[in-house]
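Me: I have a structure open here and would like to talk it through slowly. Could you help me read it?

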Amino acid sequence: MTSLDIVFILVAVVTGGAAVMTVTSRNLVHAALFLGVTLAGIGATFLLLAADFVAMVQVVVYLGAITVLFLFGLMLTRAPIGRETLDSRNRPMAMVVSAALFGILVVLIVRAFGSNQFPATEPISSSVADLGMAIFSTWVFPFEVVSMMLLAALVGAVLLARRQSGDSGTETRVTPIREALDDSTEELDRAPAELGSGGER
Amino acid sequence: MTDLTQFLPDIAWSSVAPEIAMTVAVVVLLLMTVAGRRRMWVATPMGLAIAGVGVALLVVESTSPADPSLPGLLAIVAGVALVALTFGLAGVPRALHAWIAGLGAGAALVLTAWQIFDVAWTGSLFAASTTMEGSVAMDGLAIFTRITVYLSTLLVLPIGFAYVRDRNIHRPEFEPLLLLSAVGMALLGAANDVITLFIALEVLSIALYVLTGSARRDRRSQEAAVKYFVLGAVASAILLYGFALSYIATGSLELPGIALGMADPGSPLRLLAVSMVLVLVGVGFKVALVPFQLWVPDVYEGAPTNVTAFMGAATKAAGFAAMLRLFVVAWAPLADLWVPIVAVLAGLSMAYGAWAALVQDDVKRLLAYSAVAHAGYATIGIVSLSDAGLSATMWYLFTYAITSITALGGIIAIERRNHRAVSISDLNGLGRTSPALAAVMSLALLSLAGIPPTLGFEGKLGVFTAGMLSGLTWLVVLGVVTSVVSAFYYLRLMGAMFLTDPAPDAPVPAYSHGWNAGVTVAAGLIVYLGLQPSILLDLAERAAVLAR
Amino acid sequence: MLADYLPVLLLFVVAFGFVAASLGVSALVGPRRPNPSKLSAYECGNEPLAQVKGTRFSVKFYLVAMMFLIFDIETVFVYPWAITTADLGWFGFGQMALFLGLLGVAFVYEIGRGGLTWD
């Protein structure tokens, strides 16, 4: 047992405990904060695996942005932020399923390695420069596709979050009354945006 | 600068030319939305730039004046068309957006044809190769998936145009997201390493989640979007976990490399088996095989009907392309292990889809269950594990895409006047009130059931033959039996249309020019390719070449 | 290499230790004699008049958070490029320009659609 093992066990216990708290906590905000601890713990794990850059990404993107997005999400919805119970009757079922899945995967993966023990090596440090060379040589095409994914995400966010006049789903006018006006996108866009007025109209 | 020579990865933009055309269309659409009334200020420079690229391509690529570079010519035409459309449709921005999106999809389709004959075709066969440092495969599967996906896009755009306007759910984001989703699907069919595959899957999924929920005042649409998103995200995570395990086991992220690593006798087989199961769960969700089909009825029912049509047709083709590539290329050495599992899933899907559709009253839900059954039929080609099976699956997905778009197109026409979900009783007497629509719907239903002179029959024939050749008799028998069962509920719909009296106040379905054009083309394809399948069937048979 | 992070670990230990120590000591040692005026809100707002549970944030925060997330991810890719740009030369520059160009379109789009205007 090296000192690395001890640190790893500590980090793993904190991360795992926080993960369990995330799903069992009855207070949504606490759950989101525990999620933050979990993500930080995963970042520490990356650090232990000598992946500094990935650890930094984990902190910047997940801890810095995703957790914030979660908290915003809680405040945007009428989700009960207090101590209300969110349980459905599926709770025992969900516990059984996830425990079974966890058990099966752990057993399978541990047994799968079986005799194929990977030699214990010191973690190899990969520098950011190595990563850059890899991205821009072997993985240059997926890198470009990532920008397409981000574009889709942002355009989708605008569609979902931007409220426009005349939003409707089921209730539709039988005939569009002002066909020409109705057809022009600008008219709709110039209508007063009612983002976040809160209530249903 | 000294390193420049050593640092030139293998970048062949021609291998993703259709996707580039689509992406350019997305950029034009987004910028035009921002420009509003000043859209000429976007259209003119963009059109000139596109045409300029075309001229440059003509100069650089053309070997002789008699053999000009087709992408160059296409770019010039597209650039001019962009400016002309913007002038001509200045008063109707929504129509303009749809036309530009159609221009992009059309250009993508033409470029796919160009890829077939100029890039990937040697003699009479596809020459499989990879580009982009092994990330993108140029082979029959990639190109056939493109044909299905882009043709579906091109059909769905006009069919759904008036529908989204009438439901008042049109947003300027609609067409860009549709195109981005199609790009993701095409890349999913071409992805040759798991990173590209996963990112392409996310591009298409993110766009589809949003499109599903784009009817923002419709609770069912919102419910569908949330269900699709939550389950889809879990499926993506499981898929990624499977990729991670296969990377641990084989040390490779490229599909052929994974296969090489598996063939190595020292590879940890149990770990690979676990990763195979996880990957099967992930892709099984995307193509809706039982038992990963739970999301299908709700999502099909809740999504705007034109999105349902696109999703059912194109996503299925792309998901199966990824599944084919993963299992036939990467997991090929473990075929003994996965073939029985996947075959059982195929059987379950056919049986469950046929059985559950029997008791549905909502037509969209009925078609959703039938989509599950059709996923089962398409899977027969995969477990056949032969070239015949490969081309049968591709061909089946094409036939299913065209057919389901036609069927859902019919529902769109009814829904436009009904303003609510279409139940079977809404079809009552349609044969008398609007015979043309009833005829088109019947054609689509017959094709879904696989009755002879239609396209659907040709598709089923292909997969069943491939299954028999590979000795999967039980699966084929099950397929035939479930086909008979499913014919019952397709005929039930037709019975409602032709044998029942119309309700006295039944609204007359609404048509529009776009709907007419799209549905006519789709129905024409069902009949024409049903009688003369050889054109595309030959292509599908020759396309059974995978980059390895 | 991990030894480089020892100061960070020490910082964490010191920070947590300080918090734990000061809270613990004041909980153990500090006298507690509450009265109504001590327990009332003091210079930091009024007593809430109504139940605040149902209030929601403006959905604009969601757009801002999404945009932050997306450009956060963009930054993640810019780092490795910036470090290797000398080796990558014009090829890397071209690829990065494509990547940033598409994201730039997304940015222009969000601004143009009023995603960041607050009224």
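Me: To start with chain A, what pattern does it follow, read along the sequence?
Reply: Keep in mind that this is a predicted model. Read along the sequence, chain A follows the pattern α-α-α-α-α-α-α-α, and its secondary structure comes to 8 helices and 0 strands.

Me: And what share of chain A counts as buried?
Reply: Chain A has 201 residues, of which 25% count as buried. As for its contacts with a separation of 6 or more, 58% are between residues 24 or more positions apart.

Me: Which residues touch the most other members of the largest nonpolar core?
Reply: That core has 270 residues, and the ones touching the most other members are A:Leu151, A:Ala152, A:Leu154, B:Leu188 and B:Val203. Leaving out residues up to four places away in sequence, A:Leu151 touches B:Leu180 as well as C:Leu102, C:Leu103, C:Val105 and C:Ala106.

Me: Back to α7(B), at what angle does it pack with α8(B)?
Reply: α7(B) and α8(B), which is residues 219-250 of chain B, pack at an angle of about 170 degrees, with their axes 9 Å apart. The two helices are therefore roughly antiparallel to each other, since an angle over 145 degrees counts as such. Among the residues that meet are B:Phe198 and B:Leu201 in α7(B), and B:Tyr228 and B:Phe229 in α8(B), and the residues of this contact divide into 11 nonpolar, 5 polar and 1 charged.

Me: How far apart are the axes of α5(B) and α12(B)?
Reply: Their axes are 8 Å apart, and α5(B) packs with α12(B), residues 305-330, at an angle of about 170 degrees. That makes α5(B) roughly antiparallel to α12(B). The residues of their contact divide into 14 nonpolar, 7 polar and 1 charged.

Me: Changing topic, why is α10(B) described as largely enclosed by the rest of the structure?
Reply: α10(B) is described that way because 15 of its 19 residues are buried. From its first C-alpha to its last, α10(B) reaches 26 Å, close to the 27 Å expected at 1.5 Å a residue, and it is followed by B:Ala288, whose phi is positive, near 65 degrees.

Me: Last one, is B:Gly389 buried or exposed?
Reply: B:Gly389, which lies in helix α15 (residues 387-418) of chain B, is buried, with 26 other C-beta atoms within 10 Å; the cut-off for buried is 20 or more.

Me: Which residues does B:Gly389 touch, not counting those up to four places away in sequence?
Reply: B:Gly389 touches B:Gly381, B:Ile382, B:Ser384, B:Ala466 and B:Ser470.

Definitions and conventions. Residues are numbered from 1 along each chain as its sequence is written. Chains are lettered from A and ligands numbered from 1 in the order in which they are written. This is a predicted model: local features need pLDDT of at least 70, side-chain atom pairs count only at pLDDT 80 or more; totals for chains, interfaces and linings use all residues. A nonpolar core is a set of buried Ala, Val, Leu, Ile, Met, Phe, Trp, Tyr and Cys residues joined through C-beta atoms within 7 Å. A residue is buried if 20 or more other C-beta atoms lie within 10 Å of its own, exposed if 12 or fewer, and partly exposed in between; C-beta atoms are placed from the backbone. Two residues are in contact if their C-beta atoms, placed from the backbone, lie within 7 Å. Helices (H or I, at least four residues) and strands (E, at least two) are DSSP runs, numbered from the N terminus. The expected span of a helix is 1.5 Å times one less than its number of residues. Axes are lines fitted to C-alpha atoms, for helices over the stretch in contact, and angles run from 0 to 180 degrees between N-to-C directions. Angles under 35 degrees count as roughly parallel, over 145 as roughly antiparallel, 65 to 115 as roughly perpendicular and the rest as oblique. Ala, Val, Leu, Ile, Met, Phe, Trp, Tyr, Cys and Pro count as nonpolar, Asp, Glu, Lys and Arg as charged, and the others, Gly among them, as polar.
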